[in-house]
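Okay, thanks for making time, everyone. I'd like to walk you through one structure this morning, so let me put it up on the screen.

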Amino acid sequence: MSILLFVFIIMPIAEMAVLIQVGGMIGVFNTIGFVLLTAVLGAWLLRQQGMATLLKANQRLNSGELPAKEVAEGLILAVGGVLLITPGFITDTIGFLCLIPFTRYWLSAWALKRMVASSKNGGFYFRAGSGQSPFGRDPFGDRNNPFGQQRPFDRDGNGDIIEGEYRDETKTDHERLDKK
C-alpha cells in the first residue's frame, strides 16, 4: 500500500513542485522545451541501450546460456523508458539512471540477488524477494495443483523409473541430401 501511495500521490506532487520551481527560474517555455528534450534524448538512449541488451541476450541464447542478466536489464530499461516518457524532472533523473550502463548493471545485479527460485517438496515457485514461499509448502497452497502432479525428478521412489540405452539415429540434412 505504501508503494502505491508514493507512486500515485507523493511522486506527482513532488514532480509538480519541481516543475513549478524550474518554470519560475527559467520560464515556462524553456521548462517545456527541456522536458521535451529529455524525452527525445531518453527515447534515443533507450533504443541504443535496448538494442545492445537484445544483442547480448541473443548471443547468450545462441551459446546455450540463460540470459537472466539481460532479461533483468531489459526490464530495467523498460521502467527507465516509461519514467522518461512521464513528464517531470524527478522521473527523468530516475529514468536516465536506469539507462546508464553502470547503474543498470548494478540494479540488475541487485534484482537478480533478490529473486528466488525453488523446487522444494516437488513444487516450484519463483519469487522476487527473500524468505519463504508465500504459499506455504506447495505453490498452490493446500489446493490441488491445476497442472497435475509436478515431479519431473521423482526422488522419493513413488514413480516408475525406466532405465535403458539409446542410439541416436537422427539423420542430418547433409546425410539426407546425399542419399537422394
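Predicted model: local features only at pLDDT ≥ 70, side-chain atom pairs only at ≥ 80, totals over all residues.

If you take the contacts with a separation of 6 or more, 45% of them are between residues 24 or more positions apart.

Now the inside. Which residues make up the largest nonpolar core? It's five residues: L45, L77, L84, F96 and L99. Helix 3, residues 68–85, and helix 4, residues 89–99, each supply at least two residues of that core. As a general point, nonpolar side chains tend to be buried together in soluble globular proteins.

Next, the rings. Searching the whole structure turns up one aromatic pair. That's F34 with F89, ring centres 5.5 Å apart and planes at 40°, so we call the pair tilted. F34 is in helix 2, residues 28–62, and F89 is in helix 4, so the pair ties together parts that are 55 residues apart in sequence. Are these two buried or exposed? F89 is buried, at 11% relative accessible area, whereas F34 comes out at 41%, which makes F34 partly exposed.

There's another ring to point out, on Y105. The charged end of K69 sits over the Y105 ring, 5.0 Å from the ring centre.

Last stop, helix 5, residues 101–114. At 1.5 Å a residue, its 14 residues should span 20 Å, and the end C-alpha atoms are 20 Å apart, so that agrees. Where do the buried residues of helix 5 sit? T103, R104, S108 and A111 are the buried ones, and they cover an arc of only 135° around the axis, which means they're on the same side of helix 5. Turn to the other side and you find F102, W106 and K113, which are exposed.

That's my tour. Over to you for comments.

Technical notes: Residues numbered from 1 in each chain as written. Heavy atoms only, no water. Helix = DSSP H or I, 4+ residues; strand = E, 2+ residues; numbered from the N terminus. Expected span 1.5 Å × (residues − 1). Buried < 20%, exposed > 50% of the residue type's maximum accessible area, 1.4 Å probe, protein only. Arc of directions from axis to C-beta. Core = buried A, V, L, I, M, F, W, Y, C linked by side-chain atoms within 4.5 Å. Phe/Tyr/Trp six-rings, centres within 6.5 Å; stacked < 30°, edge-to-face > 60°. Lys NZ or Arg CZ within 6 Å of the ring centre and 35° of its normal. Contact = heavy atoms within 4.5 Å.
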